[in-house]
Amino acid sequence: MAEPRALRWPIGLLLLASCSGQFGDLPANDDDDDGGEATAPLCASIEPGESPLRRMTRVEYDNTILDLLGDDSHPARGFVPEEESLGFNNQAAALVVSPLLAEQYMTAAEGIAARAAGKLLGEAPSCRGAAAGAACRGEIAALIASLGKRAFRRPLAEDEIAELAALFDRGLGLGDTPDDASTGLSLVVQAMLQSPHFLYRVELGMPDPVEGDVVPLTSYEIASRLSYLLWGTMPDDALFAAAEQGALGTAAEIEAQARRMLDDPRAREAVKNFHRQWLGLSKIDEIAAGGRDPELYPEYRDELLPLFQAETEAFLDHAIFEEDASVSALFTASYSVMNRELAELYGVEGGPKGEAFERVELDPSQRAGFLTHAGLLSLYAKPNRSSPVHRGRFVRQSLLCQIPPPPPDVVPEPPMVDRTKTTREQFSQHVSDPGCRSCHALLDPIGFGFEHYDALGRWRDAENGIPVDASGELTQTDIDGPFDGAVELAHRLAESEQVRACVVKQWFRFGYGRAEQREDACSLSQATEAFEASRYNIRALLVALTQTDAFRYRREIDAGGNVGDDAGGASERAPGGEP
């Protein structure tokens, strides 16, 4: 199947889409409404669901700038933070461009272009210190085509090349000398880096529908989806070559690339980014704002926080990429990865002797997988005590994909600290308070299972001289029933189909940058079936995400920006040269 012609959308339309996260009538996602779920997915037809216009996140911007131009200055760290939606910062509906961010894009582009111009000039030697003659212009056109193909992640149309070449000519008169080619190149790079075609993944699909108004994505669009899903950056040379050859049109071709990419170190960073957001690891450093009560926790230091985050990230990386772990192993592993300082905090004897992180076996009666890591237990705690509410909510929301809504007109107030009682006893008021009971009946019985861990995540048998009661209960799940302690809870969660489905859903949201909806029932079913067939292997799930209808197809768009049925049949395409 041949690739379509290079397409150009009016800048006004793209900027409108950049503000709304949508083309034409494509609806934005609603954080509070995932559209429901189909009771029984009917997969007889291709159903790609929504394909919103996706803007780069700060991490993706810095990664792309590094791979595109070798610039490791990380300019996006100074950009305004992304708005979070569904627990992630890459959701298309929330990635609007404020006037401040637009200005930051401009400033960053100017600095990046100034640093890159001299290096790029080496690819146009005829432009050095001489009048911009025919040889120089030919080299500049070739450079624009080469750099633009990588920056826009698809071949440039002839008129795009001509416009950027004209911008280069304009820059010749703005430098220190009349023939200052570096100034012209700087303007070209600035224009590329501020283009919606760089900042967004503009996807139009192939010219001809395969079914109804559904079109396959082009090979270049698939290459970008693969690279940003599995690496968080632009395609590499192998993906560009596959796209140029039209070798990303089948599920098997896409799978082969996905498996190759998972062996690249960049995949580890992308998976790490997912876990930072899904589990809240990126917020561990915020503990420093409240710290810990120095009287109760004299051992606490802010310097522990990066170690907390590093432990869980190193554990998950080791389990997934070194041991090819299933999702169950992430919950039940009796080991972690830590250094000497963390081992001392955990009370591990004979552990690491230095600052390097090593695999450490832990007491399986006290620790099980990431759920009992000190960092997470500290994150979901208070400065002066543990927090059954926050720990229970974490399990409900992040691991079971249940979000209990707070009762209307209720301002939650935690009980006063009473050092003559255990935390469990102090929180018993939630059971007796009618305004609290309905919500906390779902949270507290889970959170009480973590009471063997204090606000630093250390094991304790007693609190305030009173033996700890860590019994809990699961309700409204597929693993309902009482349990005793977080280790038993972790093993129960490891066998939950609901948890496994939640893992698929969380990866869907992160990988596709949007909420799941009714139309995604088939895609979720496709990913879940492959996940199940692999015995719930995480790497297999990542490959499965590249095989779904939602990943490989989209609704047809006409030249007016209308999607699907609004396109009115065969879409009108903007003119452009053959790639």
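Predicted model: local features only at pLDDT ≥ 70, side-chain atom pairs only at ≥ 80, totals over all residues.
1. Aromatic pairs. The model holds 18 aromatic pairs. One of them joins Phe88 and Phe510, with ring centres 5.6 Å apart. Their planes meet at 55 degrees, so this pair is tilted. Both residues are buried.

2. What the Phe88 pair links. Phe88 belongs to the loop between helix H2 (58-69) and helix H3 (99-121). Phe510 belongs to helix H22 (residues 497-512). The pair therefore ties together parts that are 422 residues apart in sequence.

3. A ring cluster. Phe88 and Phe510 also belong to a cluster linked by ring pairs.

4. Phe531 and Tyr536. Here the ring centres are 5.2 Å apart. The planes stand at 90 degrees, and planes over 60 degrees apart count as edge-to-face, so this pair is edge-to-face. Phe531 and Tyr536 are both buried.

5. Helices H11 and H13. Helix H11 (residues 265-278) packs against helix H13 (residues 304-322) at an angle of about 130 degrees. Their axes are 10 Å apart. H11 and H13 are therefore oblique to each other. The crossing is right-handed.

6. The H11 and H13 contact. From H11, the contact residues are Ala267, Arg268, Val271, Lys272, His275 and Arg276. H13 contributes Gln309, Glu313, Leu316, Asp317, Ile320, Phe321 and Glu322.

Key: Residues numbered from 1 in each chain as written. Heavy atoms only, no water. Phe/Tyr/Trp six-rings, centres within 6.5 Å; stacked < 30°, edge-to-face > 60°. Helix = DSSP H or I, 4+ residues; strand = E, 2+ residues; numbered from the N terminus. Buried < 20%, exposed > 50% of the residue type's maximum accessible area, 1.4 Å probe, protein only. Axes fitted to C-alpha atoms, helices over the stretch in contact; angles between N-to-C directions. Parallel < 35°, antiparallel > 145°, perpendicular 65-115°, else oblique. Left-handed = near helix turned anticlockwise from the far one by under 90°. Contact = heavy atoms within 4.5 Å.
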